[in-house]
Amino acid sequence: MPFSRLATATTPTAHLGLGLAAVGRPGYITLDRDTDLGADRSVDALRTRTHELLDAAYAQGVRYFDVARSYGRSEEFLADWLNARPDIADAVIGSKWGYTYTAGWSTDAEQHEVKDHGLATYERQRAETDALLGDRLDLYQIHSVTPDSPALTDKDLHARLAQAAAEGLTIGFSTSGPAQADAIRAAVAVTVDGEPLFRTVQSTYNVLEPSAGPALAEAHDAGLTVIVKEGMANGRLAAPHAPDALRAVAAETGLGCDAVALAWILCRPWAGVVLSGAATVPQLLSNLHAPAVDLDADQLTRLATLAEDPRAYWEGRGQLPWH
């Protein structure tokens, strides 16, 4: 698996990754985008910003980079960066299929992405991803699997994914929604010719929404690499919006709310890679202080009190506007 390259890394930031959801397209649901991105969200402006983030992350020891077909032009931006730096051979690249970007580079589109987990969508998007990332792609994930996803039962799709795995591509899935645990357990049980199909799982997990934790621990024990997304809860855990308990712990550590929120996740022994979704280099560098945060038992307990009902959390997330 490509993630074995991270397992031998000695830098503290090797188990932090950079996701490009917030900078691969002009509109997203993260809070404070007007402040972070400003008015110029042209393709060239976001390409430049993406490359600056990738340069800073790589210089600080980050080696996993995460994109998706639906993240606007994130695959293109990442491919441009990789092609301009052929000496970088130790990066691990993951992308996702299953959502099609439909916003046309607009922030006020009626619909920003369309979900389809069918085999035809996989074949189309796999070709699109291959055209950009080629043999630099290490991991291809089904985007946002839920318990009712046809991707969990489609045997033809499973056979095609198993073929891709036999050709050297690692196959994974991501989850979303209040029933993430059910989706994780169902996906871990999928086999082809008696062998597990999925080797990675990427799920939302943070101090406000920790409900997938037990299922992620089970997936880890079953041999999957766990990738954690939305550790900052789409900006709700950043300093301007952080709840009082998080602010208090951050003050005690002398580091930012963001670093503490990500450190809380890094404490989990099953967390293989924790993604930063930073939109600016200062945000990224602050996120990367997370491995330096040493949370004691009392602080961990206080942070655990922030957990919300999963359905309430996801209902609130669904109401966040695309900025």
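Guide: The largest cavity has a volume of about 30 Å³, a volume being the space filled by probe spheres set on grid points joined across faces, edges and corners. This is a predicted model, in which local features need pLDDT of at least 70 and side-chain atom pairs count only at pLDDT 80 or more, while totals for chains, interfaces and linings use all residues. Residues are numbered from 1 along each chain as its sequence is written, and side-chain values use heavy atoms, with hydrogens and water left out.

Visitor: What makes a residue part of the lining of the largest cavity, and which residues line it?

Guide: A cavity is a set of points, on a 1 Å grid over the protein atoms alone, where a 1.4 Å probe fits but cannot get out, and lining residues have an atom within 4 Å of a point. Ala233, Asn234, Arg236, Tyr313, Gly316, Arg317 and Leu320 therefore count as its lining.

Visitor: Why is alanine 59 called exposed?

Guide: Exposed means over 50% relative accessible area, with buried under 20% and partly exposed in between (1.4 Å probe, protein chains only); alanine 59 has 62% relative accessibility, so it counts as exposed. The C-alpha atoms of alanine 59 and proline 86 are separated by 15 Å.

Visitor: What is phenylalanine 198 in contact with, leaving aside neighbours within four places in sequence?

Guide: Contact means heavy atoms within 4.5 Å, and the partners of phenylalanine 198 include Ile142, Leu161, Phe173 and Leu224.

How values were computed. 1 Å grid on protein atoms, 1.4 Å probe; cavity = no way out; pocket = protein on both sides within 12 Å on 5 of 7 lines; lining within 4 Å.
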